[in-house]
Structures are given as structure tokens and as C-alpha cells.
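Take a moment with the sequence and the fold below.

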Amino acid sequence: MATMPVMAAQAEKPSAPPPVAPDYQGDDAWLAFPGRNGLERSTPPGHKAVDEKSASADVFFIHPTTYRGNDVENAPYTQSEKVEELNGAVLLGQVSAFNGCCRLYAPRYRQTSVAALNRPAASDLAYSDVSAAFRYYLKHHNKGRPFIIASHSQGTQHAATLLQREVLGRPVQSRLIAAYLIGGYVPDSFAEIGLPICETSRQTGCVISYNAGKQGSRLARLVIENKRYWWQGKMIDHDQAPAVCVDPLGSGPGGSSPATANLGSLPFPKMPYPEKAAPLPALVPNLTGATCRAGMLEVKLRSPQPTGFSDKLTFLAGSYHRNDYGLFYANLRGDAIGRVDAWRATQGRR
């Protein structure tokens, strides 16, 4: 989330040894956790967070890059908010989209710095924490409940691997409501290994993915082209499958929707952040439509454009990477609620 991979080549080479691994028994190893009333429980006007005690499902959220430095390959998971100043933005602008349906779990992990995003050893170390957190969550917190896996950017890379290694083909897959793998490359070959692309709003056990960019922008496509990724036991760096693009406004894989289908966009959260859950800004309706084109989700924001939806990446690369969730916030929120309800209906639960 801090930047796109294209920027990594300009960063200095990290040299510090890896930091200590998180202990997921500890409170400080979780960015979001039920019972805290943290920022992830914040809601915009007209929306309400579900009572955690009665929530029928969980979300396991893998956060994007929030570490700002390039002095290490893997950042300590206990960094202060001054160093990981995007933590608050992730909780307010991304994880909160799921508080209408679910209990929220987001592990901290030794995330890869921007400079080391393409270094296998650094990525493997980060993933080892994510997988450890997921196994701990299943053993100690899930208690047989249905769950969503959600992610953004670097987190999506790890989520795609986690699904292959820890979920697909295992008994736990029967409890997977959906995977929201946003802001990163996701191969459409997932359908071949048992995780179909979500085609309708009531479908469960499926994957949703997209990457938002300006119409026709070539630089924005760097997030989905020529990627190196883990696939079925080995690293792939050529002949990659097309990227998944599901229209978050409801028209499905490869679809297109007008701005009138957009129920509300959330501006990118800025510091200073509140200490606990607090009201979010009012959502902006009909800000942009969405069109999947060759694996990219192309958007065109209305003019005059409200503040809080463009940044340096938008001006330099035509990318809305930081606002992948925010542009479609209300629709994502409703989508998650609907899929939880659909999963419960198929299981005969109320």
C-alpha cells in the first residue's frame, strides 16, 4: 500500500538481519482483534458495525505494506505508528469495510519492505508469519465458524499463497465464504484448483479481485503484469495466467458498471487517527463506475473530483492503488454482508 512494486528498484539495498517473529498469543501481534473497539470498528453515517458477540462469521485480513523505510528487508512487527503510519489508514479504510458482517482478525507480520518486495527470502519470511497467524487463528479463535480471507497489496500476495497451502483441498475450505484478494495480481487459474471466480453476489466459496487505475494507463498495469508468484509448489516468473478482475459494483468477472451503481466511496483516511472506533466521513455516492479491461479495473472519477481519492501514484502512474477499497467501500461492505447471509442460507442456519 505504501507504493507500487515499480518504485522498489530505486530503494537502497537493505542489510539488517531479520527481526524476532511475532507470538500470536500476545495482544501486540494483532493489528485488529475482537473486543478492542479499535479503528476497524469505525463506520460511516448510515452504517452500523455488527455486535461482535452475535456476528456469524469472521474475517482474516492480511494487511498491505505499511512500513515506510527501506533500511531492512523485513520490518519488525512492533514498529511504532510513526514508522508504520499507514496502519490507521488500513484499519479505517479497509478492514472496517467488513465490520458489518464479521469479527475482525488482522495479524501483524514481519512485512517485506518496499525495497525487498521482489526478494524471495524476504517474502518467504513474511509469509511464514501470515501462515503461523492463520493456523493460530483456526486453532484458538475460529471455533468452526465460517470466515472470509481479505487482503490488499503485499497482503494479497501472501493471501494467494495461504489459500493454496492452508485452505484449498482441506476440510476448512467448506467454511470459506469468499476471498477478497484486492490490490495485487491474482491468476485466474485459481478456478482450476478449486476456487472459482465470484460470478454473482450470492455465490460463496469463490474469489474476488481487482486493481483500480485510470482508463488506458499503462503504468497502472505494472501491478498485474510480469509478476513473480508462488503457484502450486513453485515460483512462476513467466507465462503467467491472466489476472482476475471482478467488477466490485456488481456486474461480475470482466464486467462493467456505471457510476450510478456505486453506493458510496470513502476518502483515504489521514492522520491524526482517533485512538478508538470513531465516525468515518460521509460516503460519496456515484463517484465512479468500473470497467474490467484486460485484467485491470479502469475507473474515471467524476469532475469536479472530491478530495481524498487521488495521490502521487494517481498523478505519476494513473493508479488508484491506495483507494482500491475506498472507491467501492459501500458496495464491498454490502457484498460481504450478502455473501455471509448466502453462506448461512446454504447451511440452513439463521
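Is the disulfide of C198 and C206 right-handed or left-handed? The torsion about its S-S bond is about 95 degrees, so this disulfide is right-handed.

A word on the source comes before the rest. This is a predicted model, in which local features need pLDDT of at least 70 and side-chain atom pairs count only at pLDDT 80 or more, while totals for chains, interfaces and linings use all residues. Residues are numbered from 1 along each chain as its sequence is written, and side-chain values use heavy atoms, with hydrogens and water left out.

Start with the disulfides. In general, a disulfide is a covalent bond between the sulfur atoms of two cysteines. Here the term is applied to a pair of cysteine sulfur atoms within 2.5 Å. By this rule there are three disulfides. Counting bonded cysteines along the chain, the pattern is 1-2, 3-4, 5-6.

C101 and C102 make one of these links, with an S to S distance of 2.4 Å. The angle about their S-S bond is -95 degrees, and the link is left-handed. Both C101 and C102 are buried. Buried means under 20% relative accessible area; exposed means over 50%, and partly exposed lies in between (1.4 Å probe, protein chains only).

C198 and C206 are joined at an S to S distance of 2.0 Å. C198 and C206 are buried too.

C245 and C292 form another disulfide, with 2.2 Å between their sulfur atoms. This link is left-handed, at -85 degrees about the S-S bond. C245 sits in the loop between strand 9 (234-236) and strand 10 (246-247), and C292 in strand 13 (residues 290-293), so the pair ties together parts that are 47 residues apart in sequence. Strands (E, at least two residues) and helices (H or I, at least four) are DSSP runs, numbered from the N terminus. C245 and C292 are both buried.

As a rule, strands of a sheet pair through backbone hydrogen bonds, either parallel or antiparallel. Two strands count as paired if DSSP finds at least two bridges between them. This sheet is open, has four strands in the order 7-14-13-12, and shows mixed pairing. Its edge strands are strand 7 (212-214) and strand 12 (256-257), each pairing on one side only.

Now follow strand 13. With strand 12, strand 13 pairs in the antiparallel sense over two bridges. S257 has A290 of strand 13 as its bridge partner, and S256 stands opposite T291. Strand 13 also pairs with strand 14 in the antiparallel sense, over three bridges. There, R293 stands opposite M296. These two strands form a hairpin with two residues between them, and A294 in the turn has a positive phi of about 55 degrees.

Strand 14 (residues 296-299) holds L297. L297 is buried, with a relative accessible area of 0%. Contact here means heavy atoms within 4.5 Å. Beyond its neighbours within four places in sequence, L297 has contacts that include Y210, C245, C292 and F328. The C-alpha atoms of L297 and S256 are separated by 8.9 Å, with the two residues 41 apart along the chain.

Next comes the largest nonpolar core. A nonpolar core is a set of buried Ala, Val, Leu, Ile, Met, Phe, Trp, Tyr and Cys residues joined through side-chain atoms within 4.5 Å. The largest one has 97 residues, and F60, F98, I148, I149 and Y180 touch the most other members. Strand 5 (residues 176-182) gives the most to this core, with seven residues. Take F98 as an example. Leaving aside neighbours within four places in sequence, F98 is in contact with V59, F61, L104, A150, Y180, Y325 and A336.

Finish with helix 5 (residues 329-346). Helix 5 has 18 residues and reaches 26 Å from its first C-alpha to its last, close to the expected 26 Å. That expected span is 1.5 Å times one less than the number of residues. Just after helix 5, G348 takes a positive phi of about 70 degrees.
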